[in-house]
Amino acid sequence: MPDRTYSPAASSEIDQLLLELKDRDEDVVQLTIELIAAPSPNPPGDETAPVALIAETCRRLGLPEPAVLAAGPKRPNLLLTIEGAEPGPHLAFCGHTDTKPAGDAISEWRTDPYVGTIAGDRLYGLGSTDMKGALASMLFAAEWLQRHSGRWAGKVSFIFSADEEYGSAYGAYYLAREGLLDDIDAIILGEPSGIHADWDAIRTVSRGASCFEVVVNGTQMHSSLSDTLGAVNAVEAMARVMGRFREELTLRYPEHPLCPTGPTINIGVKTVGGVGYGVVPGQATFYSDIRTLPGMDLETFREDVQAALDRCMPVLNGATARI
């Protein structure tokens with residue numbers, strides 16, 4: 001049996017090592033501010049600015065040059081790996097470099113979304129929490145691990161991924177599909193873990209995502225003729241279908257102890273329709289975002305969505321709808 005006797009000397013040494021990380025707090029905040037000022041809203045999707053800053057920071061901190069893995073122009077992923085003194089497991093930390101868009105009402109922001117602003121003990125700016133603050137923390141953790149590489153075994157990688165906010169086709173999905181992470185034993189996501197308070201939840205399971213569009217077709221024509229020719233306004237029909245669709249949608253899913261509330265269902269996260277004054281809309285589309293539970297079956301999910309849409313047909317009033 002290994003000796004597990006408490007050692008004050010060992011405890012003091014650990015405390016000293018942790019203090020080295022604590023001393024980097026201001027550096028983490030400053031790098032987060034710099035990352036906020038490197039915009040990467042998705043959509044439209046362009047992670048080159050924060051990725052360039054991360055790569056430059058790796059060089060400044062004396063870290064290995066990260067590998068650039070990209071599925072398309074302006075959509076780079078970075079992979080940084082630190083090796084310990086002995087062979088061992090391969091652990092990775094993952095964080096995405098893109099953010100949600102700043103929104104369609106920038107004037108409603110209390111601070112500039114692309115200028116990191118400190119107020120009290122909080123840092124405000126687009127991505128400060130989700131998740132450029134975590135990216136900054138990872139880089140200084142990597143520098144600490146490299147400095148003390150003789151104290152641990154195995155490898156630690158840091159995955160700075162693209163396109164998390166809009167489907168991950170250029171990010172996690174691409175990396176997994178191409179087998180670029182196959183030698184990693186476990187991955188820890190650096191997503192924020194507090195909702196009502198710091199650290200109030202550590203998530204050990206993740207919902208999946210199904211994002212789809214429902215297209216409603218009417219009859220496009222000059223609006224002055226709509227009373228004579230009997231136009232079907234696609235936007236009006238979409239509004240009726242969207243409300244009814246939410247009422248009709250019932251998903252079958254296995255209960256999961258770590259997702260007790262089931263899937264999240266958000267209908268109409270985006271709507272598109274119409275060309276402007278003088279034209280009756282001939283087509284309108286609403287987008288939906290459903291976060292699925294582990295164990296849900298794709299074919300069953302498709303059946304449930306289609307069945308809900310089929311039950312909406314009576315409210316179309318001459319329009320048509322398809323997924």
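The points below go through a helix, the cores, some single residues and the salt bridges.

1. A word on the basis first. This is a predicted model, in which local features need pLDDT of at least 70, side-chain atom pairs count only at pLDDT 80 or more, and totals for chains, interfaces and linings use all residues. Residues are numbered from 1 along each chain as its sequence is written, and side-chain values use heavy atoms, with hydrogens and water left out.

2. Let's start with helix H3, residues 48–60. Helices (H or I, at least four residues) and strands (E, at least two) are DSSP runs, numbered from the N terminus. The expected span of a helix is 1.5 Å times one less than its number of residues; for the 13 residues of H3 that gives 18 Å, in agreement with the 18 Å between its end C-alpha atoms. Just after H3, glycine 62 has a positive phi of about 75°.

3. Which residues of H3 are buried? They are Pro50, Val51, Leu53, Ile54, Ala55, Thr57 and Cys58, where buried means under 20% relative accessible area, exposed over 50%, and partly exposed in between (1.4 Å probe, protein chains only). These buried residues pack against helix H2 (25–36), strand E2 (76–83), helix H4 (128–147) and strand E6 (153–161).

4. Now the cores. A nonpolar core is a set of buried Ala, Val, Leu, Ile, Met, Phe, Trp, Tyr and Cys residues joined through side-chain atoms within 4.5 Å. The largest has 27 residues, of which Val216, Phe245 and Leu249 touch the most other members. Strand E8 (210–217), helix H7 (234–248), strand E12 (283–291) and helix H8 (298–310) each supply at least two residues of this core, and the largest share, five residues, comes from H7. Apart from it lies another core, of 26 residues, among them Leu53, Leu61, Leu145 and Trp152.

5. Two loop residues are worth a click. Cysteine 312, in the loop between H8 and strand E13 (320–322), is buried at a relative accessible area of 1%. Leaving aside neighbours within four places in sequence, cysteine 312 is in contact (heavy atoms within 4.5 Å) with Val241, Arg244, Phe245 and Glu248. Threonine 292, in the loop between E12 and H8, also counts as buried, at 15%. With the near neighbours in sequence, up to four places, set aside, threonine 292 is in contact with Arg207, Gly208, Ala209, Ser210 and Phe301.

6. How many salt bridges are there? With a side-chain nitrogen of Lys or Arg within 4 Å of a carboxyl oxygen of Asp or Glu as the rule, the count comes to 18. In one of them, the side chains of glutamate 165 and lysine 100 meet at 2.3 Å, N to O. Glutamate 165 lies in the loop between E6 and helix H5 (172–177) and lysine 100 in the loop between strand E3 (86–96) and strand E4 (117–119), so the pair ties together parts that are 65 residues apart in sequence. Glutamate 165 is buried, at 11%, whereas lysine 100 is partly exposed, at 41%.

7. One more pair, then a network. Aspartate 289 and arginine 291 meet in a salt bridge at 2.7 Å, N to O; aspartate 289 is buried, at 16%, and arginine 291 is partly exposed, at 34%. Salt bridges that share partners also join Glu20, Arg24, Asp27, Glu143 and Arg147 into one network.
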